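Please read the following points with the structure open beside the text.

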Amino acid sequence: MQNETNKRVAYFYHPQIGRYHYGKEHPMKPKRIAMAHNLIVNYGLYRNLDVYMNRQASLKEMEKFHEPEYLQYLSQFTSVRSQIVNEYQHYNQQPNITHFTSHIYNEFDLLDYNMPHTHEPIETNNNYPQPNSFRVGDSTDNPSFPGLYDFCQLSAGGSIDAAHVLISQDAEIAINYSGGLHHAKKREASGFCYVNDIVIAILELLRVHQRVLYVDIDVHHGDGVEEAFLLTNRVMTCSFHQYGDDFFPGSGDIDSYGEGLGRYHALNIPLKIGMNDETFTEIFQKIITQVMDIYRPEAVVLQCGADSLCHDRLGGYNLSTKGHGACVEFMIKYNVPILVLGGGGYTIQNVARCWAYETGLCLNKKIDAPIPTSEIYYEYYAPDYKLHFPIKQNVENKNKKEELQRIVEKIYGYLKSIEPAPGICFHDLPQSFYPELNVEEEINPDQRYEQTLNQFEGAHYEEGNEILVDPSNGFSVHRRE
């Protein structure tokens with residue numbers, strides 16, 4: 001295990017993602033993703049990233065996990081004015097080619113692009129099941145709002161394409177902070193999550209990887225992902241979460257560890273309030289070291305929910321951005337393809353700080369400078385305007401060393417019971433989300449079909465940073481310098 005420099009990092013973002021709104025009083029604020037993005041731009045991190053625009057996942061892609069009737073119900077909640085994306089196909093009279101102009105060094109131009117609308121025709125049905133059967137709009141947790149379906153499509157599309165760049169070896173790390181919605185179930189919403197982009201992305205990775213490890217450091221249990229893969233040994237889920245006192249979602253006890261072939265492949269590390277940096281990183285590293293040594297995954301998906309930070313509106317931990325980031329840094333050192341996703345996080349200025357810092361870690365950079373004064377959300381970081389915020393003082397860590405040691409020993413026992421690095425044959429190769437990618441052939445990233453913008457209209461672009469337009473509707477807007 002070593003930390004190699006100059007890893008190729010792909011970063012997925014859509015400028016409209018922060019404009020969706022769950023409701024004034026709802027703790028989930030997509031605006032935090034835009035705030036994180038602006039810090040990434042203003043700290044200059046984007047210069048070392050391959051930046052891609054999220055596309056909208058197709059109905060067919062989302063049906064890989066979700067029930068069609070559930071997606072059909074969600075599809076009625078689209079943007080009334082279709083302001084999230086606009087049709088640009090008339091520029092080239094080709095259905096899969098999109099034109100847009102930019103000047104990549106004008107940082108905030110990245111916030112103003114319009115992208116193509118990719119809704120697929122969905123058969124209309126006036127006999128929708130009642131909302132409470134899908135848990136959409138039946139509670140304050142999972143409200144229905146204009147653009148809900150578009151939001152889900154962009155979140156899932158980013159995670160799918162992020163998995164794709166790992167498969168095609170165009171990147172060693174892929175980031176999508178609009179993903180990580182780990183509570184969504186096959187046919188129902190849960191915990192602010194409607195479409196489980198994580199499950200869909202893992203299914204994509206399983207097309208070519210025999211074993212995928214899912215690691216979740218959100219303060220809440222990653223129940224939707226665990227449930228999806230409860231019966232398989234091709235995915236190991238490992239969730240570090242706050243547990244007890246009726247904390248949502250109430251699952252994730254250490255004695256819940258998978259079933260059938262998946263027995264001992266669902267690892268749960270239930271923790272208590274007051275968790276600090278030292279204790280969290282210690283138990284994380286102990287368990288992940290054994291997981292990596294025994295399970296030996298070929299790809300890792302890391303959910304970086306930032307509600308495990310100190311001062312979060314919903315969580316009860318006392319972690320700093322550096323303590324949270326230490327988990328990301330530790331995973332990167334294994335040099336396994338890694339998909340980094342967002343998740344929870346309800347004190348939005350701290351979420352932005354955390355994800356910007358962790359983007360730096362993916363680039364082997366530890367940023368520590370004050371918030372740039374050019375940052376358009378600058379006043380959100382008052383009063384100190386620093387990237388790293390102080391943790392709470394005099395907070396009792398309810399996690400006792402003896403209890404944590406028992407958890408570690410129990411997890412070690414589970415790991416000893418599984419087949420090390422199971423050899424699993426592909427009997428039925430899952431259908432690709434990308435028909436142009438034949439996984440039975442050797443993947444050569446140099447042969448990926450791309451066209452530069454100047455081939456369409458000769459538009460201006462910075463030399464060495466041309467805007468690439470991919471017919472698959474995944475858009476690369478910047479190549480690292």
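Is Asp161 buried or exposed? With a relative accessible area of 5%, Asp161 is buried, where buried means under 20% relative accessible area, exposed over 50% and partly exposed in between, for a 1.4 Å probe and protein chains only.

1. Basis of the note. The model is predicted, so local features need pLDDT of at least 70 and side-chain atom pairs count only at pLDDT 80 or more, while totals for chains, interfaces and linings use all residues. Residues are numbered from 1 along each chain as its sequence is written, and side-chain values use heavy atoms, with hydrogens and water left out.

2. Side chains of opposite charge can pair when their charged atoms come close. A salt bridge is a side-chain nitrogen of Lys or Arg within 4 Å of a carboxyl oxygen of Asp or Glu, and by this rule the count is 16 salt bridges. In one of them, the closest N and O atoms of Arg55 and Asp161 are 2.9 Å apart. The pair links distant parts of the chain, 106 residues apart: Arg55 is in the loop between β2 (50-53) and α2 (59-62), and Asp161 is in helix α4 (residues 148-167). Helices (H or I, at least four residues) and strands (E, at least two) are DSSP runs, numbered from the N terminus. Arg55 also counts as buried, at 8% relative accessibility. A network of salt bridges links Arg55, Glu61 and Asp161.

3. Lys185 and Asp223. These side chains form a salt bridge with an N to O distance of 3.5 Å. Lys185 lies in the loop between β3 (173-176) and α5 (197-205), and Asp223 lies in helix α6 (residues 223-228), 38 residues apart. Lys185 is buried at 13% relative accessible area, and Asp223 is buried at 9%.

4. Glu298 and Arg211. The closest N and O atoms of this salt bridge are 3.9 Å apart. Glu298 counts as partly exposed, at 27% relative accessibility, whereas Arg211 counts as buried, at 9%.

5. Helices α8 and α9. Helix α8 (residues 321-332) packs against helix α9 (residues 348-362) at an angle of about 30°, with their axes 9 Å apart. Axes are lines fitted to C-alpha atoms, for helices over the stretch in contact, and angles run from 0 to 180 degrees between N-to-C directions. The two helices are therefore roughly parallel, a term for angles under 35 degrees. The contact (heavy atoms within 4.5 Å) includes Val328 and Ile332 of α8 and Tyr357 and Leu361 of α9.

How values were computed:
Angles under 35 degrees count as roughly parallel, over 145 as roughly antiparallel, 65 to 115 as roughly perpendicular and the rest as oblique.
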